[in-house]
Amino acid sequence: MRDKPFLHWAVAGTLFAVINLITFIVANRPIGASTAFPYIGNVIFPVIENEYWKEIKTSGSWEVWFLIGGFLGAIISSTVTKTFRFTFTPVYWEKNLNMSTKSRIFFAFLGGFLLIFGARMAGGCTSGHMFSGGMQLAVSSLWFALFAFIGGLVVANLIYRRRYRD
Amino acid sequence: MSTALVAFLIGLGFGAIMQLAQLDRLAKVIGAFLLKDLTIPKALLMAMGVGAILIYTAEHFGLIHLHIKPFYPVGVALGGLIFGAGMVIVGYCPGSMPEAVGEGRMDALFGIIAGIIGGVVFTIIFPVYESSFLHGAVIGKPTLSDLLGLKGTAKWLFSVSVGIIFIILAFVLDKVEKKYLNRTH
């Protein structure tokens, strides 16, 4: 299953840059996503009396709306292009990585936890650090991208390399 | 327009682009770290390159302000390592999980739920973390041009040049990928 994307990577990258510039102009902030997760967590569990809430409440609510938009945007574009596919395990997981269906849920859970925990430790994720911070040539964001890449390479080699087949 | 509506509309465009370019797919994330499919690194470099040109030009002419994140080398590096490990295990990014669910990949929903739990745990740990050696000292909010002490036109031209280098690198990666990595497409 090697379906070609509807948007070329260079076009998508350029459009992301334009969208980020628009966000700077109209919202006076960069694009970001990871703060939405502790924000939702704090809304669901308001019992936590904490110092973190005041740091994330403004960004967090913006990012929640941003991600709701992203979710709907993907529903619309996948419906229009007929690429919507309801699955619990991507084909790639079983065919190319030779992993079991059951393990997918466990990995998704473990990975999702580490993903947000790590992003909050560093103060950003792919959107806020790599894309928005990277295009501003922020030292912090380029430093983050370097270590995220190292972490990903190491773990990909430990878990998937032996199992991988084309 | 309300702030929420603006965020929602920007997200709408962002999500559609991501889905149409397949950047929200597990295969693309894991493929990138196995050095088999460089779609995401290429798109990232392209966005950084074009973005640097646009953002620094807009900033030079006073249209926008930069929003630079604080640089605390220890915490950012540790967070980056954990984040990268998490990304390869879950197969998505924080900003791509909602899109993945939107196109029917329900495994990403478990990632979202776990991410919210991760956010809660981090909230609890935050006061301890922030003052610990794992976070470490904050060394301001530098950009590459700050490191070189550039200002005004020199800063603008330097940043645009770095942007152009990023774009060239994206196309170099594309050549490398086509030549050596995956002869199947």
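Predicted model: local features only at pLDDT ≥ 70, side-chain atom pairs only at ≥ 80, totals over all residues.

How many residues does helix α5 of chain A have, and how far does it reach from its first C-alpha to its last? I looked it up: α5(A), residues 101-122, has 22 residues and reaches 32 Å, close to the 32 Å expected at 1.5 Å a residue. The expected span is 1.5 Å times one less than the number of residues; helices are DSSP runs of H or I with at least four residues, numbered from the N terminus.

Residues are numbered from 1 along each chain as its sequence is written, with chains lettered from A and ligands numbered from 1 in the order written.

Next, the chain contact (C-beta atoms, placed from the backbone, within 7 Å). I got 113 residues from chain A and 105 from chain B. On chain B's side, α6(B) gives the most, with 19 residues.

Then I checked one helix pair. The axes of α1(A), residues 9-27, and α3(B) come within 7 Å and cross at roughly 40°. Axes here are lines fitted to C-alpha atoms over the stretch in contact, with angles from 0 to 180 degrees between N-to-C directions. Among the residues of α1(A) that meet α3(B) are Trp9(A), Phe16(A) and Phe24(A); α3(B) brings residues including Met46(B), Val50(B) and Leu54(B).

Terms used: Contact = placed C-beta atoms within 7 Å. Helix = DSSP H or I, 4+ residues; strand = E, 2+ residues; numbered from the N terminus.
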